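Hi everyone, thanks for coming.

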Amino acid sequence: MLVLVQHLLAGGRYGRARTAELGRLLARYEAQPGRLFADPCARALAERIVHLKRELSEALAGARACATCAGGCVAPSGYFEGGRCCGTATLDVFTQPEVRAIKLAGVSPPSAPAEDGDERAGCLFRGERGCALGPESRPARCLEYVCLELRVELEEDERADRINALRRELSDTFARFEALTR
């Protein structure tokens, strides 16, 4: 992990703050137990969480609200036009239980900030065109959160019932995982 952080700094591609933030996230990942040492129930829940993240991401594909909600907001939320909720601090959403679930599911840690990101835009992985991470690498909170604009959009969408059911199942599964791995 230290080599990766030193490589990012030496390349000069990312500022010190972004590189340090990524280093803290990777350290959080490394501090979690590996899959081999995990309780089989916890590992199964982590794998279910990844599956639900992918399903929910697919169900939400094409949501219009997520592309424009931050227009006119102040930075970091409004740094890019969309993804106002992505203006949060990376380590606030990549909590230890969240990182533990990602690791126990066998998902590799995120290894670089968004290519088109900016230090003033909130999360490391938030780029001009949205999240640079695949759904399995994103925190569950990022996928289950629905802002007012998206809620209004979904009220008129035939997918709303399925999306809400997936959101509830992801939330419940993550709560069970967190309780089991405390």
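This is a predicted model: local features need pLDDT of at least 70, side-chain atom pairs count only at pLDDT 80 or more; totals for chains, interfaces and linings use all residues.

Okay, so Glu 21 is buried: its relative accessible area is 12%, and the cut-off for buried is under 20%. You'll find Glu 21 in helix α2, which covers residues 16-30. And who does Glu 21 touch? If we skip residues up to four places away in sequence, Glu 21 touches Ala 89, Thr 90, Leu 91 and Leu 124.

Next stop, Thr 95. Thr 95 sits in the loop between α5, residues 90-93, and α6. With a relative accessibility of 24%, Thr 95 counts as partly exposed. Leave out the neighbours within four places in sequence, and Thr 95 is in contact with Arg 28 and Arg 141.

Now for a whole helix, α9. This one runs over residues 160-180, so find that stretch on the screen. α9 has 21 residues, and from first C-alpha to last it reaches 30 Å, close to the 30 Å expected at 1.5 Å a residue. Which residues of α9 are buried? They are Ala 160, Ile 163, Leu 166, Arg 167, Leu 170, Thr 173, Phe 174 and Phe 177.

Last topic: salt bridges. How many are there? The count comes to 11 salt bridges, and I'll show you a few.

One of them brings us back to α9. The side chains of Glu 169 and Arg 48 meet in a salt bridge, at 2.6 Å from N to O. Glu 169 is in helix α9 and Arg 48 is in helix α3, so this pair ties together parts that are 121 residues apart in sequence. Glu 169 counts as partly exposed, at 31% relative accessibility, and Arg 48 is partly exposed at 31% as well.

Then there's Arg 64 with Glu 153, where the closest N and O atoms are 3.7 Å apart. This pair also links distant parts of the chain, with Arg 64 in the loop between α3 and α4 and Glu 153 in helix α8, 89 residues apart. Look at the two partners: Arg 64 is exposed, with a relative accessible area of 58%, whereas Glu 153 is buried at 10%.

Finally, helix α8 comes up again. Glu 149 and Arg 84 form a salt bridge through their side chains, 2.9 Å from N to O. Glu 149 is in helix α8 and Arg 84 is in the loop between α4 and α5, 65 residues apart. Glu 149 is partly exposed at 34% relative accessibility, and Arg 84 is partly exposed at 25%.

Notes
Residues are numbered from 1 along each chain as its sequence is written. Side-chain values use heavy atoms; hydrogens and water are left out. Helices (H or I, at least four residues) and strands (E, at least two) are DSSP runs, numbered from the N terminus. The expected span of a helix is 1.5 Å times one less than its number of residues. Buried means under 20% relative accessible area, exposed over 50%, partly exposed in between (1.4 Å probe, protein chains only). Contact means heavy atoms within 4.5 Å. A salt bridge is a side-chain nitrogen of Lys or Arg within 4 Å of a carboxyl oxygen of Asp or Glu.
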